[in-house]
Amino acid sequence: MTGEPQPKTAGTLYVLSGPSGVGKGTIRAKLFSQLTSRYSYSISCTTRTPRPGERDGVDYRFISEADFLRRVENGEFLEWANVHGHRYGTLRSDVEDLLSQGVDVFLEIDVQGACQVKKVMPEAVTIFIAPPTLEDLERRLRGRGTETEEAIRRRLAAASDELAMEDSYDLVVVNDTVEQAANKLREFITSRRGKGAEIK
């Protein structure tokens with residue numbers, strides 16, 4: 001009937017994952033510079049210490065181990081995992097609140113977390129960011145200058161297992177260059193939204 005409020009369309013949950021060091025955050029930042037405010041990034045909680053340049057409440061919510069475990073016990077996380085000796089998790093309330101407002105939400109999480117989200121929310125769209133080669137991934141990890149040799153080897157070993165799972169994702173994007181990867185993501189997302197997904 002005319003004058004009646006129209007039902008609000010729920011947003012889409014996009015799960016962006018891939019090996020550590022593949023460039024997920026850089027691609028997501030480039031993508032967000034091209035999309036409208038219909039999109040939002042859900043900030044994960046983590047027990048690790050901030051890397052140089054990272055800000056609490058912007059890049060991650062940096063919380064204590066005790067606080068993290070309390071939230072796990074209370075069922076507050078949509079997904080969580082122990083990754084390379086540190087815990088990471090996405091608060092369910094953050095995601096559900098944004099989706100209910102019709103906002104498309106991006107999670108930037110590891111492969112373990114992506115599998116958990118898909119089980120809880122099968123409607124989520126999963127996107128795997130892959131390196132051109134493992135050698136390229138190793139160069140990126142070493143280039144960050146934030147990891148010990150042991151940590152780099154651990155991440156590369158995990159990457160081999162993670163790459164074997166890429167066929168289970170809705171979309172695979174190879175990060176040859178940030179520009180190309182962001183463009184491919186943008187085309188995929190805007191095609192899903194149609195004319196509603198305007199580009200800046």
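## The largest pocket

In this predicted model, α1 gives the largest share of the lining of the largest pocket, with four residues. The space in this pocket comes to about 810 Å³. Its lining is made up of 30 residues, and those nearest the centre are Gly25, Arg51, Tyr60, Glu108 and Arg144.

Several elements contribute to this lining. At least two residues each come from α1 (24-32), β5 (77-83), β6 (86-91), α5 (134-144) and α6 (149-163). By type, the lining of the largest pocket holds 14 charged residues, nine polar and seven nonpolar.

## The second largest pocket

The second largest pocket holds about 150 Å³ of space. Arg48, Thr49, Pro50 and Arg51 are among its lining residues, as are His84 and His86. The lining also includes Thr146, Glu147, Ala151, Arg154 and Arg155.

Here α6 provides the largest share of the lining, three residues. The lining of the second largest pocket counts five charged residues, four polar and two nonpolar.

Five strands make up an open sheet with parallel pairing, in the order β2-β7-β1-β8-β9. At its edges are β2 (39-41) and β9 (171-174), each of which pairs on one side only. From one strand to the next, the twist averages 25°.

The parallel pairing of β2 with β7 (residues 104-108) runs over three bridges. Which residue in β7 is the bridge partner of tyrosine 41? The partner is phenylalanine 106.

## Helices on the sheet

Helix α1, which supplies four residues to the lining of the largest pocket, lies across β1 (13-17), β2, β7 and β8 (125-130). The direction of α1 is at about 160° to β7.

Helix α7 (residues 178-193) also packs on the sheet, where it touches β1, β2, β7, β8 and β9. The angle between the directions of α7 and β9 is about 155°.

## The contact of α5 with α6

The helices α5 and α6 both take part in the lining of the largest pocket, and they also pack against each other at an angle of about 145°. Their axes are 10 Å apart, and the crossing is right-handed.

On the α5 side, the contact is made by Leu134, Leu137, Glu138, Leu141, Arg142 and Arg144. They meet Glu149, Ile152, Arg155, Leu156, Ala159, Ser160 and Leu163 in α6. The residues of this contact comprise seven nonpolar, five charged and one polar.

Notes
Residues numbered from 1 in each chain as written. Predicted model: local features only at pLDDT ≥ 70, side-chain atom pairs only at ≥ 80, totals over all residues. Heavy atoms only, no water. 1 Å grid on protein atoms, 1.4 Å probe; cavity = no way out; pocket = protein on both sides within 12 Å on 5 of 7 lines; lining within 4 Å. Points joined across faces, edges and corners; volume = space filled by probe spheres on them. Nonpolar A, V, L, I, M, F, W, Y, C, P; charged D, E, K, R; others polar. Axes fitted to C-alpha atoms, helices over the stretch in contact; angles between N-to-C directions. Left-handed = near helix turned anticlockwise from the far one by under 90°. Contact = heavy atoms within 4.5 Å. Pairing = 2+ DSSP bridges.
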